[in-house]
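Here is a short briefing for a reader meeting this protein for the first time. Start with the sequence and the model, then take the topics one by one.

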Amino acid sequence: MKKVTSVMGKVLSFAVVMVIAVGCAGEKSEKQVEQPKKPEVVYEEVQVQPMFVGGDAAMQKFIEENLQYPADAKSKGIQGEVVVKCMINNEGRVIETQVGTSVDPELDEEALRVVSLMPAFNPGMIDGACVAMWHTVAVKFEIK
């Protein structure tokens with residue numbers, strides 16, 4: 001009977017530890033979902049520019065694959081290039097977007113959406129340190 005009680009105690013202890021561990025893991029994943037805070041210093045110019053992983057061709061491919069031409073703008077024949085100014089943090093993540101050059105409100109909104117979806121860049125650097133900076137991305141809307 002003593003062995004059964006000992007085994008049950010170990011199983012119960014293990015179960016308690018697992019519940020605590022899962023609870024902590026849940027807290028961490030909730031924190032990971034939070035948007036990163038805006039950096040205190042954001043540069044306009046850096047020594048090494050942020051680079052989309054795979055280069056400009058990969059960035060264009062990402063934009064083309066994720067861009068959804070707004071139907072109303074397309075039916076009206078509205079085309080052009082929206083320039084999006086985006087803040088890329090020191091981890092390479094796009095954390096804020098603004099329209100730099102507007103074409104049409106619907107196209108502007110779609111360009112902001114697509115740039116916000118971009119995966120992490122290789123961040124900008126100054127003196128070998130990764131820094132936050134403003135970067136521009138051109139999003140072309142062409143009716144084919």
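Tyr-69 is buried, with 18% relative accessible area; buried means under 20%, exposed over 50% and partly exposed in between, using a 1.4 Å probe and protein chains only. This is a predicted model, in which local features need pLDDT of at least 70, side-chain atom pairs count only at pLDDT 80 or more, and totals for chains, interfaces and linings use all residues. Residues are numbered from 1 along each chain as its sequence is written, and side-chain values use heavy atoms, with hydrogens and water left out.

**Overall layout**

- The protein has four helices and seven strands. Helices (H or I, at least four residues) and strands (E, at least two) are DSSP runs, numbered from the N terminus.
- Along the sequence, the pattern reads α-β-α-α-β-β-α-β-β-β-β.
- The protein has 144 residues, and buried residues make up 26% of them.

**Aromatic pairs**

- Rings of Phe, Tyr and Trp (its six-membered ring) pair if their centres lie within 6.5 Å. Planes under 30 degrees apart count as stacked, over 60 as edge-to-face and the rest as tilted.
- By this rule there are three aromatic pairs.
- One of them joins Phe-52 and Phe-62, with 6.0 Å from centre to centre and 50 degrees between the planes, a tilted pair. This pair links distant parts of the chain: Phe-52 is in strand S1 (residues 51–52) and Phe-62 is in helix H2 (residues 55–66), ten residues apart.
- Phe-52 counts as buried because its relative accessibility is 7%. Phe-62 is buried too, at 15%.
- Tyr-69 and Phe-141 form another pair: the ring centres are 5.4 Å apart and the planes stand at 90 degrees, so the pair is edge-to-face.
- Phe-141 is buried, with a relative accessible area of 1%.
- Phe-52, Phe-62 and Phe-121 make up one aromatic cluster.

**Charges over rings**

- A charge sits over a ring if NZ of Lys or CZ of Arg is within 6 Å of the ring centre and within 35 degrees of the ring normal.
- Tyr-69 has the charged end of Lys-74 over its ring, 5.9 Å from the centre.
- Trp-134 has Lys-85 over its face, at 4.9 Å from the ring centre.

**The largest pocket**

- Which residues line the largest pocket? They are Gln-60, Ile-63, Glu-64, Leu-67, Gln-68, Tyr-69, Lys-74, Lys-140, Phe-141, Glu-142, Ile-143 and Lys-144.
- A pocket is found on a 1 Å grid over the protein atoms alone, as an open set of points where a 1.4 Å probe fits, with protein on both sides within 12 Å along at least five of seven lines. Lining residues have an atom within 4 Å of a point.
- The largest pocket holds about 280 Å³ of space. Its volume is the space filled by probe spheres set on the points, which are joined across faces, edges and corners.
- H2 and S7 each supply at least two lining residues. The largest share, three residues, comes from H2.
- The lining divides into five nonpolar, two polar and five charged residues. Ala, Val, Leu, Ile, Met, Phe, Trp, Tyr, Cys and Pro count as nonpolar, Asp, Glu, Lys and Arg as charged, and the others, Gly among them, as polar.

**Cysteines**

- The structure holds zero disulfides, a disulfide being a pair of cysteine sulfur atoms within 2.5 Å.
- Cys-86 is buried, at 0% relative accessible area. Cys-130 is partly exposed, at 38%.

**Loops and contacts along the chain**

- Asp-127 sits in the loop between strand S5 (124–126) and strand S6 (129–131). Its phi is near 50 degrees, a positive value in a residue other than glycine.
- Most residues other than glycine have a negative phi.
- Asp-127 is exposed, at 68% relative accessibility.
- Asp-104 lies in the loop between strand S3 (94–101) and helix H4 (105–117). Asp-104 counts as buried, at 15%.
- Asp-104 and Ile-78 are 26 residues apart along the chain, and their C-alpha atoms are separated by 7.6 Å.
- Ala-71, in helix H3, is exposed at 61% relative accessible area. Ala-71 and Glu-106 are 35 residues apart in sequence and 9.3 Å apart in space, C-alpha to C-alpha.
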